[in-house]
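Work through the exercises below with the structure open. Each one has a task and a stepwise solution.

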Amino acid sequence: MDPVGVLIPWIATCGVIALAGATFLERLIPILPSYVLLVVIGMATADGHFYLPTALALTTVGSVLGCLVVYAAGAAMGENHSRNLLERLARLVGVSSAGFVRWLERFRANENSIALGAQMVPTIRLISPGISGLLRTNFWPFLCATALGATLWNAIFIGAGYAAASGAGDANASLLAIKTLVAVVAVEGGIVLWWRATARRRASRQELNEENDTGRRRPGDTLPFFRAWLGDPLRIAALSPSSNSLADLITSEITIASSPVIELGVGTGAFTRALIKRGVPEDGLILIESNAEFSKLLGQRFPSAQILSMDAAQLGRIEMDVLCPAGAAVSGLPLLSMPPKEVIAILEATFDRLHPHGAFYQFTYSLRCPIARPILDRLGLKAVRIGGTLVNLPPASVYRITRRPPRAKR
């Protein structure tokens, strides 16, 4: 019996429009899993029923249209209803209200990378557009990220089916499809295992380097971040501290002359250690962290630093004589997920505490500056990308934010 062998001519009979229609319906009614459907389409293409670029283009169009329908369904709900629905679902899987808020912030801060990555994960790829709609993420970046993710997913399975059928001759199509699926899934599983092993080795090397640098063992960061991950499963980027490469990049322009330095959203101190390596004395650090557990950990690790356990948006309420004029500020805050009023409050308060030529350094996982141009214009600031790192997971960029020079009088 060869059901796939029967399915291939049927798909071919329906024509090229059926390619888009099949992947569109798979998004809404996933009776036949996409990885099976796409492998079969790849095999039909190898048999000469379709042109390969046409098959890839039309299946991607169908997938993206299906995503847009799911996105629209999520966006059609009222904002309060959507938030309540997501919070109830979070409680069903054991996520606390505080964990839900952190999850929401992380999702909004990394909405583009999550939209792309979700399209490469079975089942999650079907529901993630609905979550994006519920949260009313920016439509055009969502569309671009989703289209790229769907293209990659479709290309993998169509390409696998095409390659398998091209070299198999008259083999049983169903058996060939099964073998192809097993091979593709095994490769994907191997990539995931390799990524996890690499991440663990990198974390181990980082902890070893920290131990060698300080001459004493520091408390591990794995447990605090793991607890945070349990409370917020989508915080992939926060599963471990920022990489050494990102810490080196964001502090690359800071020297002992920059002291004192303000750090916002410190976490467990990955950037703080890099600042100390750059020559900034520990007692020249002003660390602002809202998470109580992380603040306590920072007090143990950097006892000479000034630690403020508070929301960075409240920095403006601190008297000027409490914080000395600083030469630089380093931020690990998720500015993209914050309301514009909070971003403005943070920037105003920070620049009030910086020297006239002081710089504010911000990293982001986004493809653009995390501070909107209208906010920069309003505050008289300019942003320059100083570099990026692909070693960090996910890849990140760093921007230098400074005051614009005053306009020359005519």
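The model is predicted, so local features need pLDDT of at least 70 and side-chain atom pairs pLDDT 80 or more, while totals for chains, interfaces and linings use all residues. Residues are numbered from 1 along each chain as its sequence is written, and side-chain values use heavy atoms, leaving out hydrogens and water.

**Exercise 1.** Which side chain meets that of Glu-26 in a salt bridge, and is this partner buried or exposed?

Solution. 
1. A salt bridge needs a side-chain nitrogen of Lys or Arg within 4 Å of a carboxyl oxygen of Asp or Glu.
2. The partner of Glu-26 is Arg-125, with an N to O distance of 3.7 Å.
3. Arg-125 is buried, its relative accessible area being 2%.

**Exercise 2.** Which residues are linked with Asp-377 in a network of salt bridges?

Solution. 
1. Asp-377 forms a salt bridge with Arg-373, with the closest N and O atoms 3.0 Å apart.
2. Both residues lie in helix 16 (residues 373–379), 4 residues apart, about one turn of the helix.
3. Asp-377 also forms a salt bridge with Arg-404, with the closest N and O atoms 2.4 Å apart.
4. Arg-404 is in the segment after strand 7 (396–403), 27 residues from Asp-377.
5. The network therefore links Arg-373, Asp-377 and Arg-404.
6. By relative accessible area, Asp-377 is partly exposed at 38%, Arg-373 is exposed at 55%, and Arg-404 is partly exposed at 33%.

**Exercise 3.** How are helix 4 and helix 9 oriented to each other?

Solution. 
1. Helix 4 (residues 52–75) and helix 9 (residues 139–166) pack at about 140 degrees, with axes 9 Å apart.
2. Axes are lines fitted to C-alpha atoms over the stretch in contact, and angles between N-to-C directions run from 0 to 180 degrees.
3. Angles under 35 degrees are roughly parallel, over 145 roughly antiparallel, 65 to 115 roughly perpendicular, and the rest oblique.
4. The two helices, helix 4 and helix 9, are therefore oblique to each other.

Notes
Buried means under 20% relative accessible area, exposed over 50%, partly exposed in between (1.4 Å probe, protein chains only).
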